[in-house]
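Take a look at the metal site first, then follow the strands around it.

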Amino acid sequence: MTSFKSFIAAIAFMVAPLVHAHGEFFIHDAYARATAPGAPNSAAFMVLDNQSKVLKRVVSASTPAAKRVELHEHAMVDGMMEMRQIAQILVPEGEQVTLKPGGLHVMLFDLTQPLKVGEHISLTLNTADGHSLTKQIPVKSVMDGMQHHSDEGNHHHE
Ligand SMILES: [Cu+2]
């Protein structure tokens, strides 16, 4: 009996952190950048808030508003600020990570239609532990900090 009890206890010990981790990871103040008519791409910004006891890794994102979604960061390349795809965004336990213009962002490629101020889009973030978080986020006008990929023939914004 003792071994059976300790077996159950071991299972409970292993399962509990996973159960508790779910629902302790939040998205705050999320928004997507409004686009001019014909602009193919946009980006979404937000605060990722990890109130769980474990490191969270955001590994992918999706939205019905764009055909392709990537996680991006800005980095200095040959004296120029460029953005590039990253495999994951790490949010340490008990910490917040801010995605903002000129920094980390969720890149929205090939918009299905222009994003207009006042509209909302659905955005889903997927974490490495298999959870996903979906939010309706507003579209806002953003003037600063975004540069498009120069190799895709888009105009530049500063
Ligand atoms: Cu980008």
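The copper ion has four protein donors: H72 through ND1, M83 through SD, H105 through NE2 and M107 through SD. They lie 2.1 to 2.3 Å from the ion. Donors here are N, O and S atoms within 2.8 Å of the metal (3.2 Å for Na, K and Ca); water is not among the atoms, so sites may look incomplete. This is a predicted model, where local features need pLDDT of at least 70 and side-chain atom pairs pLDDT 80 or more, while totals for chains, interfaces and linings use all residues. Residues are numbered from 1 along each chain as its sequence is written, and side-chain values use heavy atoms, without hydrogens and water.

The copper site is tetrahedral, with angles of 90 to 119° among its four donor atoms; the term requires all angles to lie between 85 and 135 degrees. Along the chain, the donors are spaced H-x10-M-x21-H-x1-M. M83 sits in strand β5 (residues 80-85) and M107 in strand β8 (residues 105-111), so this pair ties together parts 24 residues apart in sequence. Strands are DSSP runs of E, at least two residues long, numbered from the N terminus. Both M83 and M107 are buried, meaning under 20% relative accessible area with a 1.4 Å probe, protein chains only.

Now turn to strand β10 (residues 132-140). It pairs with β1 (residues 25-33) in the parallel sense, over two bridges. Pairing takes at least two DSSP bridges between two strands. A32 has V139 in β10 as its bridge partner.

Strand β9 (residues 120-127) runs antiparallel to β10, joined by seven bridges. Here I121 is partnered with I137 of β10. Four residues separate the strands of this hairpin, and G130 takes a positive phi near 90°.

Technical notes: Tetrahedral: all angles 85-135°; square planar, octahedral: opposite > 155°, others 65-115°. Buried < 20%, exposed > 50% of the residue type's maximum accessible area, 1.4 Å probe, protein only.
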